[in-house]
Amino acid sequence: MGAAGQYLGMTLSIAELDSENATYFRFCAQGELRLQRCKACALMRYPPGPACPWCSGNAFDWVPVRGQGTVYSYTEVRHAVQPAFRAHVPYLALLVELDEQRGQPTEHEAIRMIGNLALPDGTLAPPEIVRTVGIGSRVRIVFASAGLDMAIPLWTLDESFKVTKAPWRYPE
């Protein structure tokens with residue numbers, strides 16, 4: 001069974017054949033971040049898919065993860081190509097390294113997820129927040145509802161971590 005929804009006025013759909021992504025976004029709609037964990041090697045993976053990228057095993061469980069991590073990289077979008085995002089420029093697309101499974105299967109690998117910077121309520125972050133986030137910022141997952149079977153995973157600043165130094169930002 002596929003999934004469908006609306007986000008920022010855009011129609012979203014996941015084909016029935018793409019059961020892994022449909023399942024992932026259904027968990028998001030329930031406010032849960034779950035990833036596939038391979039039954040053969042016990043490593044988690046993202047994005048969802050039919051086989052493990054580490055050992056090629058095709059049996060897996062969906063396991064809950066905390067959804068906390070560190071901004072590994074980012075891009076600040078100042079010219080929105082997609083009309084639905086024009087009212088939100090500048091906005092950040094973040095590459096977040098999750099705390100779970102850091103340094104596995106090798107010291108240079110981890111689970112990294114892409115998502116936009118948002119406020120805790122799931123709305124895209126305004127410019128005054130965008131200017132404060134960079135590489136090293138601590139974030140946590142939030143979800144923006146896109147319908148009954150789908151929510152969009154986004155990132156917001158994690159207030160539970162004490163900021164000890166300013167994050168690194170690209171020079172302007």
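Here are some friendly notes on this predicted model, point by point.

1. **Ground rules.** The model is predicted, so local features are taken at pLDDT of at least 70 and side-chain atom pairs at pLDDT 80 or more, while totals for chains, interfaces and linings use all residues. Residues are numbered from 1 along each chain as its sequence is written, and side-chain values use heavy atoms, leaving out hydrogens and water.

2. Helices (H or I, at least four residues) and strands (E, at least two) are DSSP runs, numbered from the N terminus. As a general rule, nonpolar side chains in soluble globular proteins tend to be buried together.

3. **Helix α1.** Glu 20, Ala 22, Tyr 24, Phe 25, Phe 27 and Cys 28 are buried in α1; buried means under 20% relative accessible area, exposed over 50%, and partly exposed in between, with a 1.4 Å probe and protein chains only. Their cover includes β2, β3 (34-38), β5, β8 (112-116), β9 and β10. Beyond its neighbours within four places in sequence, Tyr 24 has contacts (heavy atoms within 4.5 Å) with residues including Leu 33, Tyr 46, Trp 62 and Pro 153. Gly 31, with a positive phi near 80°, follows α1.

4. **The cysteines.** The whole structure has 0 disulfides. Cys 55 is likewise in none, with the nearest cysteine sulfur, that of Cys 38, 3.5 Å away. Cys 52 is buried at 3% relative accessible area, whereas Cys 55 is partly exposed at 35%.

5. **Around Cys 38.** This residue sits in strand β3 and is buried, with a relative accessible area of 3%. Setting aside residues up to four places away in sequence, Cys 38 touches Leu 43, Arg 45, Cys 52, Cys 55, Gly 57, Ala 59 and Phe 60. Its C-alpha atom is 7.3 Å from that of Asn 58, 20 residues apart along the chain.

6. **Backbone points to check by eye.** Most residues other than glycine have a negative phi, and most peptide bonds are trans. A cis peptide bond joins Tyr 46 and Pro 47, with omega about 5°, and another joins Val 89 and Pro 90, with omega about -5°. Pro 47 is in the loop between β4 (44-45) and β5; Pro 90 is in the loop between β6 and β7. Ala 42 has a positive phi near 70° and is partly exposed at 48% relative accessibility. Gln 101 has a positive phi near 65°, but is buried at 11%.

7. **The lining of the largest pocket.** By class, this lining has 8 nonpolar, 4 polar and 4 charged residues. Here Ala, Val, Leu, Ile, Met, Phe, Trp, Tyr, Cys and Pro count as nonpolar, Asp, Glu, Lys and Arg as charged, and the others, Gly among them, as polar.

Note on methods
Disulfide = S-S within 2.5 Å.
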